[in-house]
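Hi,

Here is the structure I said I would pass on.

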Amino acid sequence: MPISPDSIERQSATNTLLFNAMVAVEEVRVTQDKLGSFPATLYQRIKPDALSLTHQAYETMAVVYDREAARFWRRFPLGFIENYRNHLPPNGRVLNVGSGPGWDSKLLSLTGLEVICLDACVSMTRLTSERGFTTVQGDFRRLPFSRGVFDGAWAYTSLIHVPKTEFVQTLAEIGETLVSGGILGMGMLRGSSEHFSTSYGMGNPRFIAYYTKPELMNALIFAGFEVVHYEKMQRVGTKSGRYHNIIARRV
Ligand SMILES: C[S@@+](CC[C@H](N)C(=O)[O-])C[C@H]1O[C@@H](n2cnc3c(N)ncnc32)[C@H](O)[C@@H]1O
């Protein structure tokens, strides 16, 4: 039955709440349909839903993202992976936090590490399972593991999707799953803002947070890590692909 504001006024407060919730859902749907033609200010209004929109974007573009990630990791500087690996025990157990289609897991496992994949998106977890990795579907802001069960965590351009207000807490949550002295490998995007961006010209808004180096260093310290390696990386053939590559130890 259609609901109009007039009829809502005559109904109970509970119904008013219900109506507001329905409007909010509709607003998110419309925004997705019209991606790119809305100003950033509208996206700010739906910020609380940043993660569900982002997850939906990955579900929708899983095939394209898989291809794009394969291209990215084929060109990735292996020195950073080796450096990360050298901080870990042989055959160390690593949680790939926001593992996507698993190309970075593949590289890590080639160095002898045991990699467990975790991602929020079903299509991504399907890909990593098919590629032979033990895989868990879950939200890295509330990890479904006991404390101190991993030697390392790897989070390459996955924590870029966390709103800045939740970043330190998410890092601390990851830290909880590590043994004392456990090692975090992380890739983040350089910049300072946070906003929605379209994906590969296909719509599919993803919420992305960009960081300055001092912002990242402070967040890691607050979350209980010490940085043992930092490097800047520029993606080959692009102007926009500017990364922070970081290795940090849980203290
Ligand atoms: C940019 S991709 C990176 C994937 C992979 N690390 C790589 O570099 O190829 C980000 C991944 O993080 C996942 N993700 C985003 N937010 C998440 C959350 N709250 N919990 C778990 N996974 C999440 C997305 O589904 C996506 O697969």
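Before the packing part, one cut-off: I call two residues in contact if their C-beta atoms, placed from the backbone, lie within 7 Å. Also keep in mind that this is a predicted model.

I started with helix H6, residues 78-86. Ile81, Tyr84 and Arg85 are buried there. They cover an arc of only 100 degrees around the axis, so they sit on the same side of H6. As for partners, the buried residues of H6 pack against H7, strand S5 (178-189) and strand S9 (242-250).

H7 (103-110) turns up again at the ligand: along with H4 (50-60), it is one of the elements giving two or more residues to the shell. H4 gives the most, with four residues. There are 21 residues around the ligand, and Gly98, Gly100, Ala120, Cys121 and Ser158 come nearest. By class, the shell splits into nine nonpolar, eight polar and four charged residues.

Then the cores. The largest nonpolar one has 44 residues, and Val94, Val97 and Ile174 are among those with the most contacts inside it. Leaving aside neighbours within four places in sequence, Ile174 is in contact with Val97, Phe140, Leu143, Ala153, Ala155 and Leu184. A second, separate core has 11 residues, including Ala50, Met124, Leu127 and Phe196.

Cheers

How values were computed. Residues numbered from 1 in each chain as written. Predicted model: local features only at pLDDT ≥ 70, side-chain atom pairs only at ≥ 80, totals over all residues. Near = placed C-beta within 6 Å. Nonpolar A, V, L, I, M, F, W, Y, C, P; charged D, E, K, R; others polar. Buried ≥ 20, exposed ≤ 12 C-beta atoms within 10 Å, placed from the backbone. Arc of directions from axis to C-beta. Core = buried A, V, L, I, M, F, W, Y, C linked by C-beta atoms within 7 Å.
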